Structure formats: structure tokens, C-alpha cells
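Please examine the sequence and the model shown here. The explanation after it moves from the chain as a whole to individual side-chain pairs.

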Amino acid sequence: MSLQFINAEKRIHDAIIFPAFDLSVVPGKTVAIYSSVNVREQLMNLLLDKTRLSTGEIRVDEQTISNHKRRIGYFFLHAGLYERLSIEEMIRFTKRIYETSICIDDVIELTHLETKRNIKIKHLSHSERKRVQLACLLIQDPSIYVLEEPDQNLDLESKRILLSTIERLKQQNLTTFIITGNMESAVTMADEIFRLDENGLHAIPTKLAINDEVSLDREETIQESIIPVRLEKIPTKVNDKIVLFDPPEIDYIESNDGQSFLHIKGESFPSVSTLNDLETRLLPFGFFRCHRSYIVNLQKVREVITWTRNSYSLVLDDKDKSTIPLSKTKMIELKEMLGL
């Protein structure tokens, strides 16, 4: 079964939560939406049929989502588990509600809960509870899996189990849709990643990281055989993937102990380039080297603050009102750029 958003737009009074977008999540693929908490909550309520889109529709295999509620399984951020039940009792209770033929022992084994099956849920850790929630989702046997912040605050073992489960769902040609506010989580779990905000839906390109041990001779041969092009994406490395960002998305760049970090909407991503390289590449996009350790997107600057005769700062127009140092020599250069 596929999950489709068709010309989907959500407004609350005069505020646009997200403008109209189209997206199809097909079987055998894991798609992640990277968004704010507000957008995430609105998407979940829409999928649960608690609220309605302002325009457009959400469909499951060309039919309205209301006709397929039982075919969609949800992994909520806050698990709705009965504290007084044991793990096995909770899974058995869920199986009885959904009337499925999935074996209880199988899902307990998949979520590595064999040794704890008779323990009451109230005595479990957060990560163990999330694994019980995952087991309850699997026992429902849905065709579409909707996961809300699935790996938030999980221990390493539980994250490994979650990733293994998502991979298993892909192999079974099932549909998996993830909604998260953590870019690293999205990159780790999904095949395709999209950012959804008030500016619309935008694909975030990713690719597998190239082996760092490629020989220099081979690299030079490859470079000689291709036509030079102007790249307008800035790469960052997250786990085993490279994530490509559009320059306007970047708020500022910071260098710390020789490592450059891109700061985007409150998150930090390690860059594969040096600060000097980034300064050269980003100059045509309105970026400014305001300090020896910082490059700022001037389109994001809201205020220039003078603290003392030789101390200045830039305040950005982001959620955290980030403050970036501005050196004295760069202040003079900035004034000239602004015509002050």
C-alpha cells in the first residue's frame, strides 16, 4: 500500500503551517519528513484523521485515509502502554484487538525481549518500553508504518533493533513513513529525506560516503575525466551518508579545533570542507567571514551590536537568536559593504 499526500496544505487561521505539497511513499521505501514539532504534530493529527487539511487530501492506494485506518500502524512519541501488564500480556492484548495471525513469540524475539517477557511494564526502562511499543506495532501487522520520533532517547541496543526492524520492513515491501525533528535520525533511518516547513516540501539529497582510502592517483584521474561544474550544494557527513544542503539553508558556520560545523535551524552538522574553502564557495551566496572562526549568512543577520569600542556581535534572525562574534577589522569591512 502507498501513502500519498496530494496538494496537501495546512493553515491555522491566517498562519500557514505548510503550503501545498505532493508526496508519495511507496512500498519497499522508507521516507522521512524532517520538520519542526508543530509540523510533526499537525501531520500526525492529519494521519490519525483527527483534523483536516485546508486543501488537498491524504490517500492510501487511491482511497481516502479514513477507509484504511486499520491498515496503518503508528509508533507514537509517547507510548500508550498499560503499566500493570507484563510485556507478553501487553502484546497479547494488542494482538486480540487487531485479530492478527502474527506469532507473539516472533515479535518478542525480533525486539529482543525474550528474557523480560514476564516483567511488568512499570518496571522497564524508557528504551525497553519503546521496544515493547515496537513489538505491539509489529503484532498489528499493518501495511503502512508511521513512526513519530522513533529513536528519541533510545539506548544503542534499542536503536540497533529499530534499524534492523526498519530494514526488515523494506525487505517485506512494506511502507514506512518517519516524522522527525532530528536530521541525523532521518539520514540514518530513511532512503529519502524531505524538509517540510512554511516554505514547503524540499528534498534533502544524500548519497553514500565515498571511501576515504581512495588513492590520490585514481582521484586525480576521475577529476581529469569530468567537466567542471559549479556545485551549489554544501556537503556534510552524517554517519555513512553525505547530506547536501542548499547555501540559503545555512545560518552560520563555525570552526572548532580545525573542524568546520554548519549550523542549520538549531542543529550542527560537521563539514567535509575547511573554513577557508567554505568561505570561497559561499561568497557568491551572500556569506561573510565575520571572524577568523565564523562565516555568517548575511541574509540571516537581524542586528549588529556594539559592546565596546573593539567588541561587536551579530544577532541572527533564527529561533535561538544566535549571537556570532564580529571582529573589529571585519566590522569596518561590513560597514563598507552596507554603505554605512
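The paragraphs that follow describe the overall fold, then the aromatic pairs, and finally the charged side chains.

The model is predicted. Its protein chain contains 9 helices and 21 strands, and its C-alpha atoms fill a box of roughly 70 × 55 × 45 Å along the principal axes. Of the 340 residues, 46% count as buried. Among contacts with a separation of 6 or more, 63% are accounted for by residues 24 or more positions apart. The chain exposes about 18400 Å², of which carbon and sulfur atoms supply 49%.

A pair of aromatic rings is described by the distance of the centres and the angle of the planes. A search of the whole structure finds 7 aromatic pairs. In one of them, the ring centres of phenylalanine 5 and phenylalanine 177 lie 5.6 Å apart with the planes at 45 degrees, and the pair is therefore tilted. This pair links distant parts of the chain, since phenylalanine 5 belongs to strand S1 (residues 3–12) and phenylalanine 177 to strand S8 (residues 175–180), 172 residues apart. Both phenylalanine 5 and phenylalanine 177 are buried. A tilted arrangement is also found for tyrosine 252 and tyrosine 294, with 6.3 Å centre to centre and 35 degrees between the planes. Because tyrosine 252 lies in strand S14 (residues 252–256) and tyrosine 294 in strand S18 (residues 294–297), the pair ties together parts that are 42 residues apart in sequence. Tyrosine 252 and tyrosine 294 are each buried. Returning to the phenylalanines, Phe5 and Phe177 form one aromatic cluster together with Phe18 and Phe21.

The charged side chains come next. The protein chain carries 44 positive and 51 negative side chains, and the centres of the two sets are 5 Å apart. Side chains of opposite charge can pair when their charged atoms come close. The structure holds 21 salt bridges. One of these joins glutamate 149 to arginine 40, with the closest N and O atoms 3.4 Å apart. Glutamate 149 sits in the loop between strand S7 (144–148) and helix H5 (156–171), whereas arginine 40 is in helix H1, 109 residues apart, and the pair thus links distant parts of the chain. Glutamate 149 and arginine 40 are both buried.

Arginine 131 is buried, with a relative accessible area of 6%, while glutamate 157 counts as partly exposed at 37% relative accessibility.

A further salt bridge connects arginine 289 and glutamate 279, whose closest N and O atoms are 2.8 Å apart. Arginine 289 is in strand S17 (residues 287–291) and glutamate 279 in helix H8 (residues 275–282), 10 residues apart. Arginine 289 counts as buried at 14% relative accessibility, and glutamate 279 as partly exposed at 28%. Elsewhere, Glu88, Arg92, Asp105 and Arg117 are linked in a network of salt bridges.

Which side chains does aspartate 49 touch, if residues up to four places away in sequence are not counted? They are Ile65, Ser66 and Lys69. Aspartate 49 is found in the loop between helix H1 (37–47) and strand S4 (55–60). Its relative accessibility of 18% is under the 20% limit, so aspartate 49 counts as buried.

Note on methods
Residues are numbered from 1 along each chain as its sequence is written. This is a predicted model: local features need pLDDT of at least 70, side-chain atom pairs count only at pLDDT 80 or more; totals for chains, interfaces and linings use all residues. Side-chain values use heavy atoms; hydrogens and water are left out. Helices (H or I, at least four residues) and strands (E, at least two) are DSSP runs, numbered from the N terminus. Buried means under 20% relative accessible area, exposed over 50%, partly exposed in between (1.4 Å probe, protein chains only). Contact means heavy atoms within 4.5 Å. Accessible areas come from the Shrake-Rupley method with a 1.4 Å probe; for residues, only the protein chains shown count as cover. Lys and Arg count as positive and Asp and Glu as negative; His and the chain ends are not counted. The place of a charge is taken as NZ of Lys, CZ of Arg, CG of Asp or CD of Glu. Rings of Phe, Tyr and Trp (its six-membered ring) pair if their centres lie within 6.5 Å; planes under 30 degrees apart count as stacked, over 60 as edge-to-face and the rest as tilted. A salt bridge is a side-chain nitrogen of Lys or Arg within 4 Å of a carboxyl oxygen of Asp or Glu.
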